[in-house]
Amino acid sequence: GYSTIADRLDLCIGASNAGPAQCAKFIQSSFKKDKNKIEMLCIGSTSDAPAHCAYSAPLHLSIDDKIHLCSHAIQSRENEPITCLKHSESYIRSFQSINNRNQYNNDLLIP
């Protein structure tokens, strides 16, 4: 947690507002109070948007994936990274489907 002044300094150094503290407070239970992971998500944030994004991210994502996806989320658009991920997954599936059909067609042409 953030019980010592050193921990709070680590979280808030260079902060332009209370965003990192708000972010950390919201996500701490979801990240099992892992100080390093919370800091990776929240340091530099200007709101609790990264925490809301990580909390709403698909359950199959690891905490590290959630950090990577959500650390730059911004307030009032915190779900945009998740929306992008979902759209890219469906795009990739459709692309794979096209490749599979093309491979099937190519297999038919090979004598």
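This is a predicted model: local features need pLDDT of at least 70, side-chain atom pairs count only at pLDDT 80 or more; totals for chains, interfaces and linings use all residues.
User: What handedness does the disulfide of Cys 23 and Cys 42 have, given the torsion about its S-S bond?
Analyst: The sulfur atoms of Cys 23 and Cys 42 lie 2.1 Å apart, which is within the 2.5 Å required of a disulfide. Because the torsion about their S-S bond is about -70°, the disulfide is left-handed.

User: How many residues apart in sequence are the parts that Cys 23 and Cys 42 tie together?
Analyst: The disulfide between Cys 23 and Cys 42 has one end in helix α2, where Cys 23 lies, and the other in helix α3, where Cys 42 lies, so the parts it ties together are separated in sequence by 19 residues. Both ends are buried, since Cys 23 has a relative accessibility of 0% and Cys 42 likewise has 0%. The separation asked for is 19 residues.

User: At what angle do the axes of helix α2 and helix α3 cross?
Analyst: Helix α2 spans residues 19-27 and helix α3 spans residues 35-42, and their axes come within 9 Å of each other, crossing at roughly 135°. That angle makes α2 oblique to α3. The crossing in which α2 passes α3 is right-handed, and its angle is roughly 135°.

User: By class, how many nonpolar residues does the contact of α2 with α3 have?
Analyst: From α2, the residues that meet α3 are Pro 20, Cys 23, Ala 24 and Ile 27, while α3 contributes Ile 38, Leu 41 and Cys 42. By class, this contact has no polar and no charged residues, and its nonpolar residues number seven.

User: Which helix holds Cys 70, at one end of the pair that links distant parts of the chain?
Analyst: A disulfide joins Cys 53 to Cys 70, with an S to S distance of 2.1 Å, and its angle of -60° about the S-S bond makes the link left-handed. The two cysteines are 17 residues apart, with Cys 53 in helix α4 (residues 49-56) and Cys 70 in helix α5 (residues 63-70). Cys 53 counts as buried at 0% relative accessibility, as does Cys 70 at 0%. The helix that holds Cys 70 is α5.

User: How far apart in space are Ser 16 and Ser 45, C-alpha to C-alpha?
Analyst: Ser 16 sits in the loop between α1 (5-12) and α2, and its relative accessibility of 62% means that it counts as exposed. Ser 16 and Ser 45 are 29 residues apart in sequence, and their C-alpha to C-alpha distance is 8.6 Å.

User: What share of contacts between residues at least 6 apart in sequence join residues at least 24 apart?
Analyst: The chain has six helices and zero strands, and buried residues make up 28% of its 111 residues. Among contacts between residues at least 6 apart in sequence, the share that joins residues at least 24 apart is 61%.

Conventions:
Residues are numbered from 1 along each chain as its sequence is written. Side-chain values use heavy atoms; hydrogens and water are left out. Axes are lines fitted to C-alpha atoms, for helices over the stretch in contact, and angles run from 0 to 180 degrees between N-to-C directions. Helices (H or I, at least four residues) and strands (E, at least two) are DSSP runs, numbered from the N terminus. Angles under 35 degrees count as roughly parallel, over 145 as roughly antiparallel, 65 to 115 as roughly perpendicular and the rest as oblique. A crossing is left-handed if the near helix is turned anticlockwise from the far one by less than a right angle, and right-handed if clockwise. Contact means heavy atoms within 4.5 Å. Ala, Val, Leu, Ile, Met, Phe, Trp, Tyr, Cys and Pro count as nonpolar, Asp, Glu, Lys and Arg as charged, and the others, Gly among them, as polar. Buried means under 20% relative accessible area, exposed over 50%, partly exposed in between (1.4 Å probe, protein chains only).
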